[in-house]
Amino acid sequence: MVRRDSVGGEKWNEMRGERLGEVGRDGLLNVDKPTGMTSRQVVDRVRRVCGCRKVGHAGTLDPLASGVLVVCLGQATRLVEYVQQRPKRYVATFLLGRCSPTEDIEGEVTELADAAVASREKVEEAVRRFTGEIWQRPPAFSALKVAGRRAYDLARKGLPVRLEPRRIVIYRLEVVGYAYPALQLEIECSSGTYVRSLGRDLAESLGTGAVMSSLVRTGIGEFSLSEATALDQLTSENWAERLLPPRRAVEHLPWMRLSDEQVVEIRAGRAIAVEGVDCESEIAADDAEGRLVALLKGRGPGRVGPVRVFSAGK
């Protein structure tokens, strides 16, 4: 056993945090990611500021992009996929009459000779065709895997990359500014949408090309840019004040309140009987104090059991 006085105070706090499961460090931070940084670098910065070992993010933003990046700490890292599933909102700017291998200005941009210059009316008409459920071919420079290798690794080596189109949903697409060659769009879309590829396809429908020059994520699900904390304003003194409870990641799910007896059963991994609850969909459950206890799923008629269980006091 290590004596407290045999190690420095900082080291002792770190060890104590590990033993207590880093109590008070479970939750989400709505961070305004700056341009020029990878999402991974943001996570590393948050880890240093918060002193929390278990940190992850929901919904990658490329270095060119800024805006809402939901960073999950502690037990909330188990809820990353629930945030990622939520609709995303963006403001994107494209330069028409151009192309690049990366589909944005990060790659080598080539101006197209004799590129068609569409009127605003034509652009508005094309935008309407890209609203709703559509098929999209992901960009070659993406993290998707081809035969076990990242597509961008193959693309950087000049190797052919063939990615199959996949179905996405564009809930809202509006032109908010157009002064050729710059086209600015507001977008609300499903998870899995590549905004730069949306600009590529929209431009191709107009007989030209496009590269994305800027991207701001203004929201993801219930997390908005207006409530986000700028990364450079997040400090070891104030981060805990900005920490949101884990339940914010699953507020879009159906909810049920558990009795003290039900909490004990669920935390033991056992199913419980319920009435008037849709057992077909996943359910978030809290205790009498409003703390997230578990995510539940149906286990036969009128019964639900835990899919994920969260420790007490979080």
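How many bridges join E2 to strand E3, and do the two run parallel or antiparallel?

Modeller: Four bridges join E2 to strand E3 (residues 65-73), and the two run antiparallel. Before we go on, this is a predicted model, so local features need pLDDT of at least 70 and side-chain atom pairs count only at pLDDT 80 or more, while totals for chains, interfaces and linings use all residues. Residues are numbered from 1 along each chain as its sequence is written, and side-chain values use heavy atoms, with hydrogens and water left out. Strand and helix names are DSSP runs numbered from the N terminus (E, at least two residues, for strands; H or I, at least four, for helices). Strands pair if DSSP finds at least two bridges between them.

Now the hairpin itself. E2 covers residues 55-58; Val 55 and His 57 point one way, Gly 56 and Ala 58 the other, and all are buried (under 20% relative accessible area; exposed is over 50%, partly exposed in between, with a 1.4 Å probe and protein chains only). Look at Ala 58: its bridge partner in E3 is Val 70. Six residues sit between the two strands of this hairpin, and Gly 59 takes a positive phi near 90°.

A nonpolar core here is a set of buried Ala, Val, Leu, Ile, Met, Phe, Trp, Tyr and Cys residues joined through side-chain atoms within 4.5 Å. In soluble globular proteins, nonpolar side chains tend to be buried together. The largest such core has 30 residues, with Val 123, Leu 173, Leu 183, Leu 185, Ile 187 and Val 195 making the most contacts inside it. Strand E4 (88-96), helix H4 (120-129), strand E10 (166-179), strand E11 (182-189), helix H6 (195-205) and strand E12 (210-220) each supply at least two of its residues. The most come from E10, which gives five. Apart from this core lies another, of 19 residues, and that is where Val 70 turns up, along with others including Ile 220, Ala 284 and Phe 310.

Ala 284 takes us to another part of the fold. It sits in E17, opposite Trp 255. Strand E17 (residues 283-286) runs parallel to E15, and three bridges join them. Both belong to an open sheet of five strands with mixed pairing, in the order E15-E17-E18-E19-E16. Its edge strands are E15 (255-257) and E16 (272-273), each pairing on one side only.

Thr 93 counts as buried because its relative accessibility is 13%. With neighbours within four places set aside, Thr 93 touches Leu 183, Gln 184, Val 211, Met 212, Ser 213 and Ser 214.

Thr 131 lies in the loop between H4 and strand E7 (132-136). Its relative accessibility is 36%, so it counts as partly exposed. Although 41 residues separate Thr 131 from Arg 172 in sequence, their C-alpha atoms are 6.4 Å apart.

Pro 181 is in the loop between E10 and E11, and the peptide bond joining Tyr 180 to Pro 181 is cis, with omega about 10°. Glu 103 isn't a glycine, yet it has a positive phi of about 70°. You'll find Glu 103 in the loop between strand E5 (98-99) and strand E6 (110-111), and its relative accessible area of 8% makes it buried. Asp 114, also not a glycine, has a positive phi of about 55°. It belongs to the loop between E6 and H4, and at 80% relative accessibility Asp 114 counts as exposed.

Definitions and conventions. Contact = heavy atoms within 4.5 Å.
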